[in-house]
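Student: I would like to go through the labels used for this structure and set each one against its definition.

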Amino acid sequence: MDDIETILGQPPSDNIFADLCRDDERLRQSLEKHMRNVFAPELRKEMRTFSPSEAASLIGVTVSNLRKLHHDGKIPDVEQDKRGYRNYSGADIDTIRIALGRSARDPFQYLPGRRAGEHLQVLTFSTFKGGSAKTTSSIHTAQRLALKGYKVLAIDMDPQGSLTTMMGLMTDLEMGEMPTIYDAIRYEDQLPMREVVRKSYFHNLDIAPAGLILSEFETETPRHMNKQGVVPFYLRLRSAIDQVADDYDIVIIDCPPQLGYLTLSSLVAATGLMITIIPNMLDVASLSQYLSMATSVLQVVANHGMQLEYDFQRYLLCRYEPSDSPQAQMSGFLRYVFGPRLMTEVFLKSTAVSDAGLRQMTLYEISRAEVNKQTLDRALDSINQVVDELERTIHKAWGRS
């Protein structure tokens, strides 16, 4: 309190301070009530089922072919409702993939996961500015890849825990009961990464959650910087990931919107960098500052003997509005500057994303009855194409043709 008084030149107003305390309490209780309503009755989300057309698209067959495969008994049957209509769970889709892979000339046509000799892909989503759709992009990427049959681990490195919340976990409401990624990278009494990773409601997608306690890593790191025998901060996340590397094909890391120790450790752990940009001048100016600071700090890490070799780096345009002339001009400018490192596909701005977010859902979770179908299809098509382009980039890094 003395430090605050010194900075401000006078003590804070008792009334304002009391108001802030009341606002904090009311907001916290209201958010907790909202979350309990969203995840009622057991504070856990459930993955929705998929229609035959959605399942067929994810598996890579036509709807008629899927129907025939069921009829011929070549794939496991799926429970039908009273109308004879099949609804497919994520596990159902995976079971069908495995069955088709066993009988196919090329099993990898249906089983896309990494093969012998292919290294784990660690994709770090990072940017300097909040509100740049970083978390939205990372969670949609993780879920889309999981739906396509990859084993995915999402790591939330942001103490705000937005990705964790979207995945249906509330670590700060379960203080002390749920380990977070902090427990796997902290300097004392570390937990094995396997004790931190949690199975999620979303098939093929696990999560290493975040919580406010993660911010302690930023304050603890300077105290341990020069201690002998301590794994340096920039290798701690990489070391934790190495413990579970054999369990996954792809890891998605969501960073905080700042360039601190958490972000730097995420950048060092990465095999691929994903930087989200909203194509307007303020965001692009912020990106310039971010790149300048990131390269300077990473150079210091490199000078300490750390080899930083990325398979790829990509910039992703988010909240893009094709009809917005200034955005179109900025997009052209960025394509001129970054060339092929700017992804061809864009994540469109859509009310469907906002509507889903209000329900703590993604585009892959929300029911078509809750949003405009055309709007949802347009938004889904944009993010699907983004992830499909990213998938091709990953395959190229793996050496696939």
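Tutor: Rings of Phe, Tyr and Trp (its six-membered ring) pair if their centres lie within 6.5 Å; planes under 30 degrees apart count as stacked, over 60 as edge-to-face and the rest as tilted. The model is predicted, so local features need pLDDT of at least 70 and side-chain atom pairs count only at pLDDT 80 or more, while totals for chains, interfaces and linings use all residues. Residues are numbered from 1 along each chain as its sequence is written, and side-chain values use heavy atoms, with hydrogens and water left out.

Student: What makes Phe 233, Tyr 234 and Tyr 261 a cluster?

Tutor: Ring pairs link the three residues.

Student: How many aromatic pairs does the rule give?

Tutor: The count is five. In one of them, Tyr 187 and Phe 217, the centres are 5.5 Å apart and the planes 10° apart, hence stacked. Tyr 187 is in the loop between α8 (181–185) and α9 (193–196), and Phe 217 is in helix α10 (residues 216–224), 30 residues apart.

Student: Why is the pair of Phe 233 and Tyr 234 called edge-to-face?

Tutor: The planes of Phe 233 and Tyr 234 make 85°, with 5.4 Å centre to centre, so the pair is edge-to-face. Both Phe 233 and Tyr 234 are buried (under 20% relative accessible area; exposed is over 50%, partly exposed in between, with a 1.4 Å probe and protein chains only).

Student: How do you know that the span of helix α5 (residues 90–103) agrees with 1.5 Å a residue?

Tutor: The expected span is 1.5 Å times one less than the number of residues. For the 14 residues of α5 that should be 20 Å, and the end C-alpha atoms are 21 Å apart, which agrees.

Conventions
Helices (H or I, at least four residues) and strands (E, at least two) are DSSP runs, numbered from the N terminus.
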